[in-house]
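User: I'd like to learn how to read a model like this one, feature by feature. Can we put it on screen and start with the strands?

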Amino acid sequence: MKTKRVIIIGAGLSGLYSAYLLKRQGIEATILESRGRVGGRILTAKTEERGEKEYYDLGPSWFWPGMNRRVESLVKTFGLNVFAQQEEGNYLMEDTKTSPPRVIPGIYVNSPSSYRVEGGMNSLVNAVYKELKEEQIVLNTQVTRITKHDGGYTVHAETDGESTVYEGDYVISAIPLRLLVNQVGFSPELPESLLKVMLNTPTWMAAHAKFVAVYDRPFWRDEGHSGTASSRVGPLVEIHDASINSQSGAGALFGFIGYNAQTRKTAGREKLKELAIEQLSHIFGEKASKPIRVELVDWSQEEYTATVDDQVQTMHGSYGLPSEPVEQLAAQGLYFAGTEAAKGYGGYIEGAWRLQKSLYLS
Ligand SMILES: Cc1cc2nc3c(=O)[nH]c(=O)nc-3n(C[C@H](O)[C@H](O)[C@H](O)COP(=O)(O)OP(=O)(O)OC[C@H]3O[C@@H](n4cnc5c(N)ncnc54)[C@H](O)[C@@H]3O)c2cc1C
């Protein structure tokens, strides 16, 4: 029997997981990834500076057991440890820059509870990655065109400025839908009905920027604060405890920056960091003014995540693609994975695992 040649576009969680499912059917897919790393929107800053492994999520931090059944089950399959988001203690509300924050006593708990993965969300990515062969993943390779012909598909890409070509019987796109339309040309063209939905599907969280400040310990807990705070004045609008799961380890706070993408770009990274630290000191006190380390990722500036249309923040809307054209293309060997293509939990990590049934190629 002829070996099935499968090309996957994108080595985010969805692309890696697609390759993992195919491996279980004895198929060794090739993944083409534009960045120099795997994981896509999942990005964890790791350090071992103080004798303990520290991890700070700069993309997603949470999953929700009970709701995110696939994440839950895969976390178990791969033997990863998880822990509840720290929410015990006072919730702080910053109304103005001049008055002290309001202290709202007690526990402000998300329902259902948010959970984090020990080692950071990257542990999920690494667990799947380890199941694959290194040579299956071609980094620094941006797919630019997909051409269908009688024998399958020719996938055109650019690797370090050089044109490269890959041949496959099947192609699985595992990149955000808007990026697919913006970056990849199709011959023949994708159906108009599909293109329209793809262009109207925001890349979840692509408009956001995440800031993390690391301290030698989570000092706010000593004062009865949970680390959760909101602000009406910014730049951080929503703040949470991002400390590692350790009694002795470092403490960290993370926040989403409320300024829009253009304002952030104009302000510049250093100014944003300065303003965020100043704000954390106003909310959590003097100790917050001296972080040992800060991280900032503006996802709207990431060319392999956000398109121009993704610069505007949106509410979580409806995700998924219309069945008819998708099934027609699947019958011809072209599939759409990636969280934005998932009808259930689209946008979330859970959606990145929810691949079309027909993707099993059996
Ligand atoms: C700041 C932030 C916070 C978030 N918080 C949460 C959370 O708490 N919980 C949650 O469930 N979800 C959260 N999310 C969403 C979550 O990150 C995504 O659902 C998930 O990572 C999507 O995985 P994916 O594989 O579908 O897409 P991606 O991770 O976007 O992967 C796509 C991959 O394709 C590559 N690529 C792009 N274009 C090309 C090309 N032309 N050729 C080749 N490769 C290409 C990219 O480099 C990338 O590696 C958050 C996202 C962000 C940014």
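User: In which sense do strand β1 and strand β2 pair, and over how many bridges?

Analyst: Quick ground rules: this is a predicted model, where local features need pLDDT of at least 70, side-chain atom pairs count only at pLDDT 80 or more, and totals for chains, interfaces and linings use all residues. Residues are numbered from 1 along each chain as its sequence is written, and side-chain values use heavy atoms, with hydrogens and water left out. Strands (E, at least two residues) and helices (H or I, at least four) are DSSP runs numbered from the N terminus, and two strands pair if DSSP finds at least two bridges between them. Here β1 (residues 6-9) and β2 (residues 30-32) are parallel, with three bridges. Ile 7 has Thr 30 of β2 as its bridge partner.

User: Which strands make up the open sheet, and in what order?

Analyst: Five strands, ordered β9-β2-β1-β13-β20, with parallel pairing. At the edges sit β9 (137-138) and β20 (334-336), each pairing on one side only.

User: What do β3 and β4 form?

Analyst: A hairpin, with six residues between the strands. β3 (residues 44-47) and β4 (residues 54-57) run antiparallel and are joined by four bridges; Thr 44 stands opposite Asp 57 of β4. In the turn, Gly 51 has a positive phi of about 75°.

User: How is the protein divided into domains?

Analyst: Domain bounds come from an automatic or database domain assignment. Domain 1 is 6-39 + 126-201 + 314-352, and domain 2 is 44-120 + 207-301. Their C-alpha centres lie 31 Å apart. Contact (heavy atoms within 4.5 Å) takes eleven residues from domain 1 and twelve residues from domain 2.

User: Now the ligand: how many residues surround it, and which are the closest?

Analyst: A residue is near a molecule if one of its heavy atoms lies within 4 Å of it. By that reading 36 residues surround the ligand, the closest being Glu 33, Arg 41, Trp 62, Gln 183 and Gly 347. The shell draws at least three residues from each of domain 1 and domain 2.

User: Where are the N and O pairs?

Analyst: Look for N or O atoms within 3.5 Å of each other, which is the cut-off for a polar contact. A polar side-chain atom of Glu 33 is 2.6 Å from a ligand oxygen atom. The side chain of Gln 183 has an N or O atom 2.8 Å from a ligand nitrogen atom. Gly 347 uses a backbone N or O atom, 2.6 Å from an oxygen atom of the ligand.

User: How much of the ligand does the protein bury?

Analyst: Accessible areas use the Shrake-Rupley method with a 1.4 Å probe. Alone, the ligand exposes 1,000 Å², and the protein buries 98% of that.

User: Which element gives the most residues to the shell?

Analyst: That's β10, with three residues. The elements giving two or more are α1 (13-23), β10 (141-149), α4 (177-183) and α10 (349-353).

Technical notes. Polar contact = N/O pair within 3.5 Å; in protein donor to acceptor, adjacent residues only side chain to side chain.
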